[in-house]
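The sequence and the structure are shown first.

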Amino acid sequence: MQYTQTAKKLTAEEKLRLLVSFGTRISSEIRLDHLLNSIARQIAQILDVGRCIIFLIDPDREELWSKIAQGKGLAYTEIRMPLTTKGIISHVAKTGETINLQNAYEDPRFSMAIDMVTDFRTHSLLAVPLKNNTGKVLGVFQVANKADDLPFDRNDEGILLLLSTLASSSIEIATLYQELYGAQLETLYRLAITAEYRDQQDTRSHLKNISIISFLLAGTLGMPKHEAEIIKNASTLHDIGKVALADNILLKPGKLTPEEFEKMKEHTIYGGKILEGAKSKILQVAYKMSMYHHEKWNGKGYPKGLKGEEIPLEARIVTVADVFDALCQFRVYKDAWKTQDAYEYMLKESGHSFDPRVVAAFKKIYPAIRKLYSHIPVNQMTGPFPGDENIPTENTVIRMTQQD
Ligand SMILES: [Fe+2]
Ligand SMILES: [Fe+2]
């Protein structure tokens, strides 16, 4: 993480105050990315350095990894390197020793790879181990470029070690939380695939497109980011009720008879039954989506014929995402529509099939959607949360090798 040192310098008293409140201020953050960001920012302020990077050990892959924000609006870049590299970070991680260099470029163990990718020039460098309370090394705190080109002294070493000790339990908790949350999302996603896979080959792109569009719509409609995230993750389950449909209905190659179509409609009711009474917030939202994603704004949808705002907003959002994506995809019974034609259809159906507010939001995010459908990597898009890492991204990962 890179900081400009031209900002107002803190007095010794202000730094001391920051140091004292450090533990309290990080203990409330449970999201690992945000926590590491916040720790790095505070350390950079307290020690008055140009950069602070926190590397964590990924024991499964035997790698060290970190994320560096590369500037406003850009996705986080993830750096990964094998634990066995000969570099400074791996040395600290393996030995638990501190390394303090006055001029990093003069040390043969220093790799310039990160500097090159992030357009940064490291001068002085201090790296200390991040240990938990049993003494196990969890990662490495690295700071670089002390203000006024001064070398790091014993005092700095002591402060950085103290800060890493204070941060370790928050990092451990956030890591655990992330693993649990990740496992929950993976389970939901695989469940969603199970439902969609029966009648679609392009399940993954359908689910990905729907979740991204739903997320962007929620943000544009003014929902806070954590709610938009819930919408994003719940949206993949909108057709979960299909698991209960008979093969002769779901997989029928030709047009359904009116009776068969009535059966097909029941996937909404089945979805509702599967998710009814859920305890988790994501599943509660998924319940509304699966139950009501075929309702129409004009009351002519199913299963209940709800009208206007009687339809839960979450369902009105996923409906727009689902219909648009379905139009753009190839199906045995229809060709894939051109993105522009599908877009015009959505506008035309505003106030009929769809909530006009959601369609207005759809219109606003359409430039991003066009990019999504022209296969531009989604992490290069800008979205409705200005200046934030707002799009569900596939991380940019920089892989360092044994030699780095
Ligand atoms: Fe459906
Ligand atoms: Fe769908």
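The model is a predicted one. Its chain comprises 14 helices and seven strands. Of the 404 residues in the chain, 38% are buried. Among contacts with a separation of 6 or more, 62% are between residues 24 or more positions apart.

**Strands and their pairing**

- Strand S1 (residues 49-58) has eight buried residues out of ten, and it is therefore largely enclosed by the rest of the structure.
- S1 runs antiparallel to strand S6 (residues 137-146), and seven bridges join the two.
- S5 pairs with strand S4 (residues 99-101) in the antiparallel sense over three bridges; isoleucine 99 has alanine 127 of S5 as its bridge partner.
- S5 also pairs with S6, in the antiparallel sense and over seven bridges, and leucine 126 has valine 143 of S6 as its bridge partner.
- S5 and S6 make a hairpin in which five residues lie between the strands. In the turn, glycine 135 has a positive phi of about 90°.

**Lysine 131**

- Lysine 131 belongs to strand S5 (residues 125-131).
- With 16 other C-beta atoms within 10 Å, lysine 131 counts as partly exposed, because that class lies between the limits of 12 or fewer for exposed and 20 or more for buried.
- Beyond its neighbours within four places in sequence, lysine 131 has contacts with Gly96, Lys136, Val137, Leu138, Thr165 and Ser168.
- Lysine 131 and serine 168 are separated by 37 residues in sequence, yet their C-alpha atoms are 6.4 Å apart.

**Helix H5**

- H5 contains 44 residues and reaches 60 Å from its first C-alpha to its last, close to the 64 Å expected at 1.5 Å a residue.
- A kink of about 35° occurs in H5, centred on alanine 167, and Ala167 is itself among the buried residues of the helix.
- Other buried residues of H5 include Asp156, Leu160, Ile171 and Glu196.
- The cover over the buried residues of H5 includes helix H1 (12-27), helix H2 (32-47), S5, S6 and H6.

**Helix H11**

- The twelve residues of helix H11 (residues 281-292) should span 16 Å at 1.5 Å a residue, and the 17 Å between its end C-alpha atoms agrees with this.
- Ten of the twelve residues of H11 are buried, so the helix is largely enclosed by the rest of the structure.
- The buried residues of H11 include Ile282, Leu283, Ala286 and Met289, as well as Lys288 and Ser290.
- Among the elements that cover the buried residues of H11 are helix H5 (154-197), helix H7 (225-235), helix H10 (267-275) and helix H12 (313-328).

**Helix H12**

- Val318, Val320 and Phe324 are among the buried residues of H12, and so are Glu314, Arg316 and Asp322.
- The buried residues of H12 are covered by elements including helix H6 (203-220), H7, H11, helix H13 (339-348) and helix H14 (356-373).

**Nonpolar cores**

- In soluble globular proteins, nonpolar side chains tend to be buried together.
- In this model, the largest nonpolar core has 47 residues, and Leu217, Ala286 and Val320 have the most contacts inside it.
- At least two residues of this core come from each of H5, H6, H7, H10, H11, H12, H13 and H14.
- Another core, of 45 residues, lies apart from the largest one and has Ala40, Phe55, Val128 and Ile171 among its members.
- Alanine 286 is in contact with Ala234, Leu237 and Leu275, when its neighbours within four places in sequence are left aside.

Note on methods. Residues numbered from 1 in each chain as written. Chains lettered and ligands numbered in written order. Predicted model: local features only at pLDDT ≥ 70, side-chain atom pairs only at ≥ 80, totals over all residues. Helix = DSSP H or I, 4+ residues; strand = E, 2+ residues; numbered from the N terminus. Expected span 1.5 Å × (residues − 1). Contact = placed C-beta atoms within 7 Å. Pairing = 2+ DSSP bridges. Core = buried A, V, L, I, M, F, W, Y, C linked by C-beta atoms within 7 Å. Bend = angle between axes of the 7 residues up to and from the residue.
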